[in-house]
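Here are some notes for a first look at this structure.

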Amino acid sequence: MVSPKYHVFICTSCRLGGTQNGVCAKKGSPDLLMTLMQEVEDRDLTADVMINNTGCFGTCQNGPVMVVYPQGVWYGNLDEDAMIKIAEQHLEEGNPVEEYMI
């Protein structure tokens, strides 16, 4: 069984049947997911970080949105710079990034 240090869920507005139709997807969350995956790989964190895309979290006004467990830290209004900063400060160093927390 896999036991990562962090489990990250990123809303990509997935709907039943696999279509992406929602605020987070329209604001580029699928690309942000790929950015975070690349950052995790580049930082050699793949054994410590599991990343999954999700459907709507119900906080569309804050989109794109992601949640990092086990702490339950919610991040919103994400962009590429936010993903890089979260990868470095939260996932690598263990310090949540307050400026993106919701």
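1. A contact here means heavy atoms within 4.5 Å. The model is a predicted one.

2. Which residues does tryptophan 74 contact, leaving aside its neighbours within four places in sequence? They are Phe57, Thr59, Val65, Met66, Val67, Tyr100, Met101 and Ile102. Tryptophan 74 itself belongs to strand β4. By contrast with this list, glutamate 39 is 35 residues away along the chain, and its C-alpha atom is separated from that of tryptophan 74 by 19 Å.

3. Is tryptophan 74 buried, partly exposed or exposed? Its relative accessible area is 26%. Buried means under 20% and exposed means over 50%, with partly exposed in between, so tryptophan 74 counts as partly exposed.

4. Phenylalanine 57, one of the residues in contact with tryptophan 74, sits in the loop between β2 and β3. With a relative accessible area of 27%, phenylalanine 57 is also partly exposed. Not counting residues up to four places away in sequence, phenylalanine 57 touches Phe9, Ile10, Cys11, Val65, Met66, Val67 and Trp74. Between phenylalanine 57 and threonine 12 there are 45 residues of sequence separation, while their C-alpha atoms are 9.9 Å apart in space.

5. Methionine 66 is in contact with both Phe57 and Trp74.

6. As background, nonpolar side chains in soluble globular proteins tend to be buried together.

7. How do α2 and α3 pack? The angle is about 35° and the axes are 9 Å apart. The crossing of α2 past α3 is right-handed. From α2, the contact uses Leu32, Thr35, Leu36, Glu39 and Val40; from α3, it uses Glu80, Met83, Ile84, Ala87 and Leu91. Sorted by class, the residues of this contact are seven nonpolar, one polar and two charged.

Conventions. Residues numbered from 1 in each chain as written. Predicted model: local features only at pLDDT ≥ 70, side-chain atom pairs only at ≥ 80, totals over all residues. Heavy atoms only, no water. Helix = DSSP H or I, 4+ residues; strand = E, 2+ residues; numbered from the N terminus. Buried < 20%, exposed > 50% of the residue type's maximum accessible area, 1.4 Å probe, protein only. Axes fitted to C-alpha atoms, helices over the stretch in contact; angles between N-to-C directions. Left-handed = near helix turned anticlockwise from the far one by under 90°. Nonpolar A, V, L, I, M, F, W, Y, C, P; charged D, E, K, R; others polar.
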